[in-house]
Amino acid sequence: MTTTTTPPPVHGGDGAWRAVRAELRRRTSLKVSLAVVVLFALMTVAAPLIGALGGWGPEEFDKSAVDPYLGGLPIGPLGGVSAEHWLGVEPITGRDLFARVVHGAQVSLLIAFAATSIVVVAGVAAGIAAGYFGGRADAVLSRLMDLTMSFPSLIFMIAMMSVARDANRTLLMILVIGLFGWPGVARVVRGQTLSLKHREYVDAARVGGSGPWRILARDVLPGVAGPVIAYTTLMVPGMIATEAALSYLGVGVRPPTPSWGQMIAESVAYYDTDPMYFLVPSLCLFLTVLAFTLIGDALRDVLDPRGGRT
């Protein structure tokens with residue numbers, strides 16, 4: 001009788017990524033989601049260049065594009081869509097929606113990606129330390145996770161953003177959102193580390209004289225990479241929605257700096273008279289969140305099947 005041993009994750013990396021590529025070829029929805037993510041990522045990186053294609057800056061007023069006799073509503077169909085203004089204009093100001101949406105993507109996604117990076121780095125470090133070293137380190141870090149997760153995070157974020165009026169709003173939002181996100185990642189990584197540290201190849205490395213930091217870097221960290229990658233892609237939509245919610249509530253990014261949440265908040269007063277003003281940023285937010293969610297679900301199914309749906 002032949003006994004088969006499941007290979008450790010560190011040795012199955014190539015197979016895992018082959019499975020990811022096979023999943024990409026199989027799912028049309030995943031291809032579309034990746035295309036959407038790449039599009040908005042390009043908008044984030046090259047917002048000034050892409051925004052300039054329309055010929056208008058995000059803060060330029062075009063009073064000729066709105067009708068002062070109709071309360072500043074855009075002139076023309078679909079909120080002022082024309083060859084000059086590809087997605088129409090804002091009511092009253094006449095600012096170009098294409099330029100505003102592109103620059104808003106830069107702000108919204110920059111905050112989401114930066115906050116996610118902080119969450120992942122802090123969560124992985126805390127989770128691996130708690131799971132591998134155990135004892136007092138595990139007790140202290142676990143209680144810190146519990147304490148952080150017990151805070152009503154949204155209320156605390158609103159309070160922090162309201163008090164710090166003169167701070168750099170973008171940087172403050174990144175730090176505040178990151179502050180409350182790391183315990184979820186830490187708990188996932190801690191559980192994976194508790195399982196991995198008793199595997200045969202980790203025991204062999206320990207017996208072979210490898211120190212704890214070498215074991216963590218070469219054996220444990222690659223083993224938790226799959227679940228962390230899957231968890232991260234599922235976390236990005238939440239970060240985008242959090243930034244949008246804070247900006248919508250008026251405690252996020254301040255005008256005139258555009259963000260999708262801020263644009264949605266400003267468009268609520270015009271949703272019945274100029275629905276395009278509401279639909280454009282809302283659709284961008286919806287597509288981005290949906291695309292990351294679909295990608296995260298696919299990666300979780302492939303890289304972390306035990307954590308997927310049953």
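Modeller: The structure holds eight salt bridges, a salt bridge being a side-chain nitrogen of Lys or Arg within 4 Å of a carboxyl oxygen of Asp or Glu. Side chains of opposite charge can pair when their charged atoms come close. This is a predicted model, in which local features need pLDDT of at least 70 and side-chain atom pairs count only at pLDDT 80 or more, while totals for chains, interfaces and linings use all residues. Residues are numbered from 1 along each chain as its sequence is written, and side-chain values use heavy atoms, with hydrogens and water left out.

One of the salt bridges joins Glu59 to Arg100, with 2.9 Å between the closest N and O atoms. Glu59 sits in the loop between helix 3 (47-52) and strand 1 (66-67), and Arg100 belongs to helix 4 (residues 97-133), so the pair ties together parts that are 41 residues apart in sequence. Helices (H or I, at least four residues) and strands (E, at least two) are DSSP runs, numbered from the N terminus. Glu59 is partly exposed at a relative accessible area of 34%, whereas Arg100 is buried at 0%. Here buried means under 20% relative accessible area, exposed over 50%, and partly exposed in between (1.4 Å probe, protein chains only).

Arg100 also meets the side chain of Glu90 in a salt bridge, at 3.5 Å from N to O. This pair links distant parts of the chain, with Glu90 in the loop between strand 2 (73-74) and helix 4, and Arg100 in helix 4, ten residues apart. Both Glu90 and Arg100 are buried. Together with Arg95, the residues Glu59, Glu90 and Arg100 are linked in a network of salt bridges.

Another salt bridge pairs Arg190 with Asp138, the closest N and O atoms being 2.8 Å apart. Arg190 is in helix 7 (residues 169-196) and Asp138 in helix 5 (residues 135-150), so this contact ties together parts that are 52 residues apart in sequence. Arg190 counts as partly exposed at 26% relative accessibility, and Asp138 as buried at 13%.

Helix 4 also takes part in the second largest pocket: helix 2 (28-45), helix 4 and helix 11 (275-303) each supply at least two residues of its lining. A pocket is found on a 1 Å grid over the protein atoms alone, as an open set of points where a 1.4 Å probe fits, with protein on both sides within 12 Å along at least five of seven lines; lining residues have an atom within 4 Å of a point. Helix 11 gives the most to this lining, with five residues. Among the lining residues are Phe98, Val101 and Val102, along with Leu39, Met276 and Leu287. The lining divides into twelve nonpolar residues, no polar and no charged, where Ala, Val, Leu, Ile, Met, Phe, Trp, Tyr, Cys and Pro count as nonpolar, Asp, Glu, Lys and Arg as charged, and the others, Gly among them, as polar.

As for the chain as a whole, its secondary structure comes to eleven helices and two strands. Of its 310 residues, 45% count as buried. The C-alpha trace spans about 85 × 45 × 35 Å along its principal axes.
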